[in-house]
Each structure stands twice: as C-alpha cells, then as structure tokens.
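This report describes a predicted model.

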Amino acid sequence: MQLTAPATRRTGIRDTDGMAVASFILGLVGLLVLNVFLGPTAIVLASLALWRGTQRRGRAWLGLTLGVADLVVLVAFMQADSTISWSF
C-alpha cells in the first residue's frame with residue numbers, strides 16, 4: 001500500500017524551482033552573515049537546479065553569482081583583517 005502520491009514530473013520541476021529560489025535567498029543572506037557556509041550552499045543548490053532544468057533559471061544564476069560573491073567578500077575581509085573570520 002502506497003501512502004503518498006507517486007512523484008510526477010511536475011513535482012520534480014517544483015523541487016528544482018525551490019532549489020533555485022533557495023540558492024538566491026541563501027546567497028543574498030550570505031553576503032551579510034555566515035558566508036563561509038551559505039556561499040558554498042548557494043553554489044551547490046544553484047548548480048543542481050540548473051543541471052536539473054529549473055524553470056527559474058534567472059534565480060538560479062543569481063544564486064550562483066551571489067554564492068561566488070559571498071566567497072569573494074569572505075576572502076576580501078580575511079585579507080583586510082588577516083584572520084580566518086571577519087566581524088563588523
């Protein structure tokens with residue numbers, strides 16, 4: 001007996017669309033806090049969403065770009081402070 005509905009193509013598209021939106025949000029938040037964790041997570045989610053064929057390609061590309069920007073900001077602040085982490 002199956003308790004849930006079988007996965008359909010629409011469910012897969014919604015999952016990839018959700019990954020694209022999540023990567024965008026994580027990349028945006030990562031510019032302010034926890035960019036060492038949120039940046040790579042945004043990159044992975046955006047890459048998976050693009051690879052799986054999301055309908056929200058623009059958001060996935062923005063999430064990928066913001067994830068990379070998170071890491072660039074982290075490196076810039078690390079260079080400025082000469083530490084592994086940074087603070088305001």
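## Ala49, a buried position

Ala49 has a relative accessible area of 0% and is therefore buried, since buried means a value under 20%. The residue belongs to helix H2. Along the chain, Ala49 and Asp17 are 32 residues apart, yet 6.9 Å separates their C-alpha atoms.

Across the chain, which has 88 residues, 28% count as buried. Ala49 is one of the buried residues.

## Overall fold

The chain holds three helices and zero strands. Read from the N terminus, the order of elements is α-α-α. Helix H1 covers residues 9–30 and helix H2 covers 35–51, while helix H3 is made of residues 57–81.

## Packing of H2 and H3

How do the axes of H2 and H3 cross? They come within 8 Å, and the crossing angle is roughly 155°. Angles over 145 degrees count as roughly antiparallel, so H2 and H3 are roughly antiparallel to each other. As to handedness, the crossing of H2 and H3 is left-handed.

## Gly58 in H3

Helix H3 includes Gly58. Is this residue, Gly58, buried or partly exposed? Its relative accessible area is 47%, so Gly58 is partly exposed; the partly exposed class lies between the 20% limit for buried and the 50% limit for exposed.

Gly58 can also be placed relative to Phe24. The two residues are 34 positions apart along the chain, and the distance between their C-alpha atoms is 9.5 Å.

## Nonpolar surface patch

Which residues make the nonpolar surface patch of about 660 Å²? The patch is formed by Ile25, Val29, Leu32, Val33, Leu34, Val36 and Phe37. Helix H1 and helix H2 are the elements that give two or more residues to this patch.

One member of the patch, Val33, sits in the loop between H1 and H2. With a relative accessibility of 43%, Val33 counts as partly exposed.

## Summary

The predicted model has three helices and zero strands. H2 and H3 are roughly antiparallel with a left-handed crossing.

Notes:
Residues numbered from 1 in each chain as written. Predicted model: local features only at pLDDT ≥ 70, side-chain atom pairs only at ≥ 80, totals over all residues. Heavy atoms only, no water. Patch = residues over 30% accessible without salt bridge, like charges linked within 9 Å, V, L, I, M, F, W, Y side chains within 5 Å. Areas by Shrake-Rupley, 256 points an atom, 1.4 Å probe, with all protein chains shown as cover. Salt bridge = Lys/Arg side-chain N within 4 Å of Asp/Glu carboxyl O. Helix = DSSP H or I, 4+ residues; strand = E, 2+ residues; numbered from the N terminus. Buried < 20%, exposed > 50% of the residue type's maximum accessible area, 1.4 Å probe, protein only. Axes fitted to C-alpha atoms, helices over the stretch in contact; angles between N-to-C directions. Parallel < 35°, antiparallel > 145°, perpendicular 65-115°, else oblique. Left-handed = near helix turned anticlockwise from the far one by under 90°.
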